[in-house]
Amino acid sequence: MDRYEGEGPYGLVGEVLEVRRYVGELLEGRQLPRQREVLFRLAAQASALLAYMAVNAGREVLAEAYCTEAAELAWHIDDRELVMWIQGTRSLNAYYAGRFEEAVAFADAGVALGPGHPQAIRLQANGRARALGKLGDAAGAERAIAAAVDLSARHDVPDGLTPCISFAPYALARTLANAATVHVALRSPHRVLGYADAIDERVEQSDSAWSRALVRLDVATAVLTSERPDVEQAMVLGREVLEAGGGAPIRSVVQRAGDLYALAAPWRNLPAVREYGEVLRVWQSAPQARALVGSAKLARPVQPTRRAADAAHSRFGSLPSQPPAEHD
């Protein structure tokens, strides 16, 4: 997890697959019940991480397959906290596929498992609020943000910005960063800037280059879509994100950088917009960014991951497609 933002899904997927295979091999042996529970949890976590990596790489079908496998493994040991995290990843996957009603439904199902649990913070802020924002449901999105903020106050959440792939509950700064993104969709630029200003110090102190990039792109979009657009400032902010680098790109950064350029279409004749477009073109031509533009394929690990999933089902037997009845 600590290496993920520097190396990205392409750099680490092979190692996570190896962990997943190794844990599966261990489960072929004989262990005490408590040891098997730990191994099941590790297998579920590895599959959950593979699901999240597939989301970041634009592999929607593969992400859903790994979410299903991870949830089945987690239900076998009644790890509701991990199932809630998986539901959040499932919601994120649907969100980036443009299936916003599904994203809300997946998040709702996760919240229902533990409405007051700290994992519900991510489900409310990243799952429900952002998708409801895309659907234009401002009232629903605001309720979800408020629920996430309330839960953050009731629990001992991490300080600063946790890694995006972390199993830990959302930090408040990450929740507010998601609130900013919600208001980008709701076309409320002043709210975007307000949330961004509230977390500016946390973002700048964070080791998360992706978080800094996403917040700055949201700010650039807000500046561009305000009542008095400052096109030059928006393009400068966008260029700073692209020129800063900071490790392997992910789908959300590539998408928002492209969206910013698309929104600047009415001003394409301005030098600042042309310069941003050229920087964006060069940035998108880099191998890992190029793989995420358009359909965003994660080509390299396709066959290994399918074999790993097949092997996992073989090792663990026929796993239920839904959690057992007592968990409903």
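Leu 12 counts as buried because its relative accessibility is 7%, where buried means under 20% relative accessible area, exposed over 50% and partly exposed in between, with a 1.4 Å probe and protein chains only. The residue lies in helix H1 (residues 4-26); helices (H or I, at least four residues) and strands (E, at least two) are DSSP runs, numbered from the N terminus. Apart from neighbours within four places in sequence, Leu 12 is in contact with Arg 3, Tyr 4, Glu 7 and Met 53, contact being heavy atoms within 4.5 Å. Met 1 is 11 residues from Leu 12 along the chain, and their C-alpha atoms are separated by 9.5 Å.

The model is predicted: local features need pLDDT of at least 70, side-chain atom pairs count only at pLDDT 80 or more, and totals for chains, interfaces and linings use all residues. Residues are numbered from 1 along each chain as its sequence is written, and side-chain values use heavy atoms, with hydrogens and water left out.

The mean pLDDT (the predictor's confidence in each residue, from 0 to 100) of the protein chain is 86, and 86% of its residues reach 70 or more. The pLDDT is below 50 over residues 295-328, a stretch with 56 contacts in the model beyond near neighbours in sequence. Where pLDDT is low, the predicted coordinates should not be read in detail.

On a 1 Å grid over the protein atoms alone, a cavity is a set of points where a 1.4 Å probe fits but cannot get out, and a pocket is an open set with protein on both sides within 12 Å along at least five of seven lines; lining residues have an atom within 4 Å of a point. Points are joined across faces, edges and corners, and a volume is the space filled by probe spheres set on them. The count comes to 2 cavities of 30 Å³ or more.

| Space | Volume | Largest share of lining |
|---|---|---|
| Largest cavity | about 300 Å³ | H11, 5 residues |
| Largest pocket | about 350 Å³ | H13, 4 residues |

The largest cavity is lined by 23 residues, with Asn 126, Arg 130, Arg 174, Leu 214 and Arg 256 nearest its centre. Of the 15 residues lining the largest pocket, Lys 134, Val 184, Gln 255, Arg 256 and Asp 259 are the closest to its centre. H4, H8, H11 and H13 each supply at least two residues of the pocket lining.
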